[in-house]
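Hi,

Here is the model I promised to pass on.

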There are 2 protein chains.
Amino acid sequence: MKQENVTASIITIGDELLIGQTLDTNSAWMAQELNKAGIWVRRRVAVGDVRQEIWQALDEEIQQSDIVLLTGGLGPTADDITKPLLCDYFGGKMTVHAETLAHVKDIFENKLKRPLLERNLRQAEVPDNCTVLFNKRGTAPGMWFDVAATSSHSKRVVVSMPGVPHEMKGLISASVLPRLKAEWQVPHILHRTLLTAGAGESFLAERIQQWEEALPPHIKLAYLPNYGLVRLRLTTTGSKLPELQHELDYLFAELQEQVKDVLVINEDKPLEEALGQLLLQKGKTVATAESCTGGYIAHLITSIQGSSAYYEGSSISYSYTAKERMLQVHNSTLTTKGAVSQETVQEMLGGLLKQTGADYGIATSGIMGPGGGTPDKPVGTVWVAVGNNERMETHRFLFRFDRMRNIQLAAANALLLLFRFVQKDAS
Amino acid sequence: MKQENVTASIITIGDELLIGQTLDTNSAWMAQELNKAGIWVRRRVAVGDVRQEIWQALDEEIQQSDIVLLTGGLGPTADDITKPLLCDYFGGKMTVHAETLAHVKDIFENKLKRPLLERNLRQAEVPDNCTVLFNKRGTAPGMWFDVAATSSHSKRVVVSMPGVPHEMKGLISASVLPRLKAEWQVPHILHRTLLTAGAGESFLAERIQQWEEALPPHIKLAYLPNYGLVRLRLTTTGSKLPELQHELDYLFAELQEQVKDVLVINEDKPLEEALGQLLLQKGKTVATAESCTGGYIAHLITSIQGSSAYYEGSSISYSYTAKERMLQVHNSTLTTKGAVSQETVQEMLGGLLKQTGADYGIATSGIMGPGGGTPDKPVGTVWVAVGNNERMETHRFLFRFDRMRNIQLAAANALLLLFRFVQKDAS
């Protein structure tokens with residue numbers, strides 16, 4: 001199936017990727033955008049700031065993919081070696097690009113208000129055999145190289161971009177994707193994803209095995225477990241959009257029916273976004289009172305644009321004092337039941353709803369580790385309360401992982417509890 | 001330099017990595033651990049759930065690296081194809097591994113309390129020519145294959161692990177690294193990293209150019225810009241630990257001296273951790289009042305273990321009501337000056353310090369976008385106040401990026417402001 005499609009490779013360059021100092025968010029974002037445009041990413045490769053490694057990766061990828069996208073190594077410092085390498089690889093000569101030079105000068109003189117250094121001027125030099133892609137967000141331009149055809153590829157391109165995420169994103173959206181779409185008649189790649197909770201990956205697989213085995217060969221089903229939830233994704237590829245869409249919709253409806261008792265949402269979006277939409281529909285608001293999750297739930301909710309329409313705020317009360325002063329938890333509850341208890345999260349939720357006037361609330365208290373556990377409250381113990389002024393639900397969880405994952409699991413489960421509470425709530 | 005070292009390739013498997021649905025955190029973590037053990041990661045490759053792509057990647061990497069680590073594709077569902085592929089690649093035969101079988105049965109009978117399915121039993125089958133690495137955190141075992149030597153590699157290994165992060169981490173720490181260290185006499189790879197603020201990458205490069213050019217060839221300097229801050233990292237590789245350490249310490253001291261006016265910390269740790277250590281040293285506490293950063297600062301602070309010793313809590317006040325009720329901001333300030341104003345962040349900070357009793361505080365209010373901007377307060381406008389009961393500092397920022405990056409930049413800058421405030425504070 002995939003050989004018929006337009007394929008791309010992504011090469012990210014930088015030692016920081018190979019020693020684990022930087023998380024490679026660039027290629028995930030590029031992969032998403034290419035995929036939406038109907039271009040299948042067949043490989044992602046990360047290499048260091050080492051000439052022969054970059055050269056070899058380029059050599060290998062251009063033999064097998066139609067499109068090779070590179071990021072990184074275009075900065076003004078000595079460890080940035082991509083540009084001269086590309087110039088040599090494609091047999092070009094370095095030359096000053098007038099428009100980029102004017103842009104670099106403008107950035108330094110008018111925006112940064114700093115003297116322009118020789119090394120910054122060199123940012124305006126490019127190989128004379130590339131098409132320059134103007135980078136309005138930074139000094140290093142993108143470079144587009146047309147590569148000679150082979151027996152298996154009628155045309156090929158290599159595009160180099162800076163590794164700074166917002167500069168790369170600007171170039172992809174404004175220049176690279178429009179040009180790629182103009183060069184190739186790409187097939188359509190369509191996905192439909194749903195989110196389930198409460199059943200493991202094997203049980204889902206078992207339940208839908210017959211249905212899965214009967215899927216036509218151009219349809220793929222993927223299982224994506226995360227934070228105790230499982231996403232199921234259907235993917236189809238082909239050239240006739242209405243037919244593809246129709247078939248995918250039909251199969252996706254079948255899939256939803258098969259898993260309806262564990263289905264949370266039938267869209268590929270984070271739970272915090274689904275919760276936000278539900279609240280908007282109902283014209284309701286939410287607030288959070290977080291102890292052990294330390295603001296992570298608030299962060300998830302507020303990372304969604306427009307969340308100020310339904311999010312009141314949060315009290316993050318790490319200390320006893322903060323729990324008492326900010327949320328009116330009784331000192332006696334804290335001293336007799338402990339901060340990590342059903343009673344405390346209930347009082348936190350009550351105090352929160354009163355204080356913020358929100359319609360719904362979430363309260364969390366737990367021990368995330370690595371220290372702080374006791375025999376009857378081991379590390380990973382988390383109490384969650386969700387509810388409104390009429391009704392509260394509390395749940396006790398025991399997570400067994402490291403601090404960060406325990407925080408993420410507690411947040412995901414708390415959001416899920418509130419989502420279901422709001423869904424069922426008739427008020 | 002690198003050819004003399006023990007080198008590794010990391011291959012991550014899964015379509016979700018190629019459509020950008022999942023961020024590849026596994027290989028960043030593995031790279032860190034390998035690096036600490038003196039093993040240089042020369043390439044990271046991500047491929048889809050496609051047999052020929054996995055095969056080819058394995059083929060290419062094993063020709064050039066001593067060690068190839070694979071994650072993913074070991075689950076119980078139809079899109080998991082790594083295990084049969086490895087069995088074929090190394091010419092083995094599938095066989096049941098008794099210890100793993102007992103473990104799988106135990107997990108289902110005693111932990112999950114679910115019936116065991118045929119597909120789960122298959123998790124206990126392994127190629128008969130591998131060494132099984134026991135996975136106490138899950139059902140899919142790790143598999144260690146010894147590979148025949150070549151003229152350039154006296155020994156080689158391929159290790160396959162599940163893609164579930166905490167299972168992979170358990171296997172790496174408990175089995176893979178100890179075995180790798182026993183097989184190879186690895187060289188030492190040492191890093192020293194410092195964090196600067198207030199100078200761009202080019203200016204730093206210009207200032208230390210002469211010093212950088214005089215560095216011995218086995219020492220590398222990298223510039224790592226992020227969130228308006230720049231990290232500088234010195235790396236050395238070699239076999240004699242005391243000499244390497246001594247030389248690196250000496251050069252790192254020189255580097256600190258060169259950048260002392262913009263130096264923030266001389267360690268490779270997040271600002272929130274450095275702030276925590278500073279507060280612990282001084283025996284002081286901190287609280288946060290976040291509007292536009294929506295809990296992200298609280299999340300950063302509380303993601304550090306032990307933060308409950310110095311973190312009181314946070315009021316995240318998204319609405320006017322929440323700002324008034326939770327932080328005693330005057331309604332008149334909000335209506336005359338606006339929520340995004342110097343006066344409002346000052347009152348937020350004052351209310352926060354009074355309410356939580358914390359020694360220091362951070363308050364933020366801004367417009368993160370994409371909506372909500374006005375001509376005099378465009379999207380990206382952020383007011384930050386830091387201080388204590390004696391003194392407050394306020395700063396206005398204008399960030400120009402997307403919502404998430406604006407939040408991250410505001411949080412990083414607010415933490416930096418408070419870090420410097422606490423450093424200078426004599427109280």
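What is the mean pLDDT of chain A, and what share of its residues reach 70 or more? The mean is 91, and 99% get there; pLDDT is the predictor's confidence in each residue, from 0 to 100. For the complex, the predictor gives an ipTM of 0.77 and a pTM of 0.80.

Housekeeping: this is a predicted model, where local features need pLDDT of at least 70, side-chain atom pairs count only at pLDDT 80 or more, and totals for chains, interfaces and linings use all residues. Residues are numbered from 1 along each chain as its sequence is written, while chains are lettered from A and ligands numbered from 1 in the order in which they are written.

Now the sheet. It is open, has ten strands with mixed pairing, and runs E17(A)-E16(A)-E15(A)-E13(A)-E14(A)-E14(B)-E13(B)-E15(B)-E16(B)-E17(B). Strands are DSSP runs (E, at least two residues), numbered from the N terminus, and two of them pair if DSSP finds at least two bridges between them. E17 (392-398) of chain A and E17 (392-398) of chain B each have a single partner strand, so one side of each is left without a neighbour in the sheet. E16 (residues 381-387) of chain A pairs with E17(A) in the antiparallel sense over seven bridges, and A:Trp383 has A:Arg396 in E17(A) as its bridge partner.

On contacts (C-beta atoms, placed from the backbone, within 7 Å): B:Leu415 touches B:Leu271, B:Glu272, B:Leu275, B:Ile297 and B:Leu300, leaving aside residues up to four places away in sequence.

Cheers

Terms used: Helix = DSSP H or I, 4+ residues; strand = E, 2+ residues; numbered from the N terminus. Contact = placed C-beta atoms within 7 Å.
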